[in-house]
Structure formats: C-alpha cells, structure tokens
Amino acid sequence: MAPADMSRWDPEMAAFQALMEERGKRYPPPRLAPPLDQGRAVTEALNLPLAEGGPRMAESADRWLPIRGRRLLCRLHRPTAGAGPLPVLVYLHGGGWVWNSVDTHDRLMREYAAAAGCAVVGPDYALSPEATFPQALEECAAVVRWVAALGAEWGLDGARVALGGDSAGGNLAAGAALLLRETDPALALRGLLINYGVLDSRLDTPSYREFAEGHVLTREKMAFYWECYAPRPADRLNPLAAPLRADLGGLPPTLVHIAELDVLASENLAMVEKLRAAGVPVESTVFRGTVHGFLRALDHVGAARRAVAEAGAWLRRVLA
C-alpha cells in the first residue's frame with residue numbers, strides 16, 4: 001500500500017505502483033509465512049507480464065549445469081550471433097531470496113545484454129527457506145567458476161566476466177564476489193553491479209526508519225526475508241551474508257544503483273563509501289523518486305530505462 005503523501009515519488013513510479021496494486025487485487029496477498037508456494041505463484045503471475053517485450057536476442061536458451069550435487073538451470077542470452085566468444089554478465093535475480101526466478105527477470109537480463117553487447121547468464125539458484133545461507137551463495141559462486149573455466153562451451157569469454165544482481169540478488173552478487181576473492185584469487189572479475197542490494201542485516205538505518213512502510217519493500221518484509229535466508233542470527237553477521245560488514249579491498253570495479261525511497265538506501269550509500277575507502281573504483285547513481293524494484297518497470301518508468309543504459313555503458317567499459 002502506497003503512503004498518503006507521495007509528493008516525493010517520481011510520477012511514473014507512482015503510476016506504475018498504482019497499476020501493480022490494481023493488478024494485485026486479482027490475487028490473494030502473499031503471506032509472509034511458510035509454505036510459500038501460493039505466494040510464489042502470485043509473485044510470478046504479477047511479474048511475468050513485466051518480463052515481456054524488450055530486445056530480441058540472437059540466442060536465448062535454458063542450459064543446465066551440474067552444481068553442488070544438483071542440476072541448476074541457467075538462462076543464457078546472447079545478443080549477437082557469430083561474434084566469437086562474448087564477455088558475460090552473470091546476473092542474479094532479486095526476490096528476498098524467497099521468490100522470483102529467471103523468468104521474472106528475463107526482460108532485465110535481455111536489456112543488459114543488448115545495452116552492454118555481452119552475454120548474460122542467469123542462475124535459477126535455490127530459494128529460501130527451503131535452502132538457507134550459504135546454499136544460494138555457494139551455487140552462484142560455482143556458476144561463476146564454471147563460466148570462467150568452461151564458458152567457451154557456450155561461446156563465452158571466461159576471462160571477461162562481470163557479476164551483478166538486484167535486491168537479494170545484489171546481496172548474492174556481492175557475497176559471491178567476496179567468496180571468490182578468497183577461494184579463487186586467479187579468477188579476476190571485471191565488474192560488480194549492485195542494484196539496490198541487501199547489504200546488511202541491520203533493520204534500523206535512517207532509510208529503514210523513514211521508509212519502513214508504504215514504499216513497496218517494508219521493514220516487516222525484510223525481517224521475514226532475513227529469517228528465511230539466515231535463520232541462525234549468527235549467520236546474519238557473516239560478511240558473506242551481510243557484505244557491508246566485510247573487508248571490501250580487492251573487489252572489482254563496482255557500480256551501485258540506488259532507489260531513493262527504499263529501506264535499503266542507507267546501506268547502499270554506506271557500501272559506496274566503504275568501497276571507495278577500500279580503494280575500489282566505484283560509481284553510483286541515486287534514482288530520485290523511485291522505490292525498491294523499479295528496474296522491473298522498464299515499460300513504465302523512465303528511470304528504469306536510464307539505469308539500464310547507464311549500466312550497459314559501464315559494462316562495456318569494464319568488459320572491454
């Protein structure tokens with residue numbers, strides 16, 4: 001439910017939110033309690049129409065990788081054909097670690113592929129609470145390792161790999177980059193793209209206090225998501241789960257996109273400053289008047305299209 005005072009909202013953002021709330025009336029509201037099957041079905045139904053349209057790829061395919069004892073689905077998009085091995089963005093979808101999929105984020109992945117001229121691989125990592133920290137993190141890191149070592153089998157350049165994600169996917173991207181820094185020092189990521197990422201387990205920052213309710217992602221939802229992903233309180237202090245708590249030195253060049261009216265805004269701003277202090281080349285943009293998840297509104301909100309264009313230009317530079 002949107003707040004009574006929406007004077008700070010981008011008008012297109014406000015119109016999109018009204019549209020989504022109207023569509024949401026067709027479905028029961030997702031319950032913040034297991035089992036999550038019904039909530040996942042509703043979330044997919046609401047988000048799948050937003051994944052339609054957009055750039056057409058030379059190749060879009062579902063591939064399977066043997067990852068940590070199971071067959072993990074990966075969505076592969078190649079924007080051009082016959083161009084030799086392409087640099088690649090491994091992109092991790094958001095959804096609080098508990099819902100969404102490579103289907104809900106298909107449009108965004110194709111937009112990045114077209115804007116950056118790179119391939120995009122989207123792992124359909126295991127969701128919580130059925131899989132808890134660090135399973136999804138380990139799966140995502142393993143996909144990056146495979147792309148770097150064997151990506152040529154898919155026409156990918158394993159020496160030019162960037163990692164990115166939005167929301168919980170941004171958390172997994174940052175956590176996987178930290179993990180790979182320690183386990184695979186020879187695997188040099190070219191870039192890290194964080195879109196309004198979950199970067200700390202604190203729920204008491206200035207933006208949490210200001211936007212706790214009425215701005216799509218609420219404090220109540222984030223508390224539930226953390227309980228699902230990291231049910232052991234000690235795990236929520238682990239730097240691989242809460243990357244803002246980590247030593248960030250040695251991470252690759254990073255681009256952070258921030259929604260202004262978001263409970264996560266403060267930790268994303270803090271991440272930018274901590275990366276800069278650690279000597280990591282970092283760029284950031286705060287998209288005024290936007291709320292969490294604005295990138296899914298590509299047909300409705302100009303800020304989403306500007307963000308993709310900016311990220312595409314940045315990816316072209318770091319993957320060159």
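Modeller: Let us begin with one pair. In this predicted model, glutamate 210 and arginine 8 form a salt bridge, with their closest N and O atoms 2.6 Å apart. Glutamate 210 belongs to helix 6 (residues 206–210), whereas arginine 8 lies in the segment before helix 1 (11–24), so the pair ties together parts that are 202 residues apart in sequence.

Colleague: Are glutamate 210 and arginine 8 buried, exposed or partly exposed?

Modeller: A residue is called buried under 20% relative accessible area and exposed over 50%, with partly exposed in between. Glutamate 210, at 47%, is therefore partly exposed. Arginine 8 is also partly exposed, its relative accessible area being 42%.

Colleague: Which residue forms a salt bridge with arginine 78, and where in the chain do the two partners lie?

Modeller: The partner is glutamate 59, and the closest N and O atoms are 3.6 Å apart. Arginine 78 is in strand 2 (residues 70–78) and glutamate 59 in strand 1 (residues 59–67), so this pair links distant parts of the chain, 19 residues apart. Arginine 78 is buried, with a relative accessible area of 9%, while glutamate 59 is partly exposed at 24%.

Colleague: What does the salt bridge between glutamate 260 and arginine 288 tie together?

Modeller: Glutamate 260 lies in strand 7 (residues 254–261) and arginine 288 in strand 8 (residues 282–291), so the bridge ties together parts that are 28 residues apart in sequence. The closest N and O atoms of this pair are 3.5 Å apart. Glutamate 260 counts as buried at 17% relative accessibility, but arginine 288 is exposed at 57%.

Colleague: How many salt bridges are there by this rule, and which residues are linked in a network of them?

Modeller: The count comes to 25 salt bridges. A network of salt bridges links Asp62, Arg75, Asp103, Asp106 and Arg110.

Colleague: How should I read a helix, and which residues of helix 4 are buried?

Modeller: The general idea is that an α-helix has 3.6 residues a turn, so residues three or four places apart point the same way. Helix 4 (residues 135–150) has 16 residues. From its first C-alpha to its last, helix 4 reaches 22 Å, close to the 22 Å expected at 1.5 Å a residue. Its buried residues are Ala136, Leu137, Glu139, Cys140, Ala141, Ala142, Val143, Val144, Trp146 and Val147.

Terms used:
Residues are numbered from 1 along each chain as its sequence is written. This is a predicted model: local features need pLDDT of at least 70, side-chain atom pairs count only at pLDDT 80 or more; totals for chains, interfaces and linings use all residues. Side-chain values use heavy atoms; hydrogens and water are left out. Helices (H or I, at least four residues) and strands (E, at least two) are DSSP runs, numbered from the N terminus. The expected span of a helix is 1.5 Å times one less than its number of residues. Buried means under 20% relative accessible area, exposed over 50%, partly exposed in between (1.4 Å probe, protein chains only). A salt bridge is a side-chain nitrogen of Lys or Arg within 4 Å of a carboxyl oxygen of Asp or Glu.
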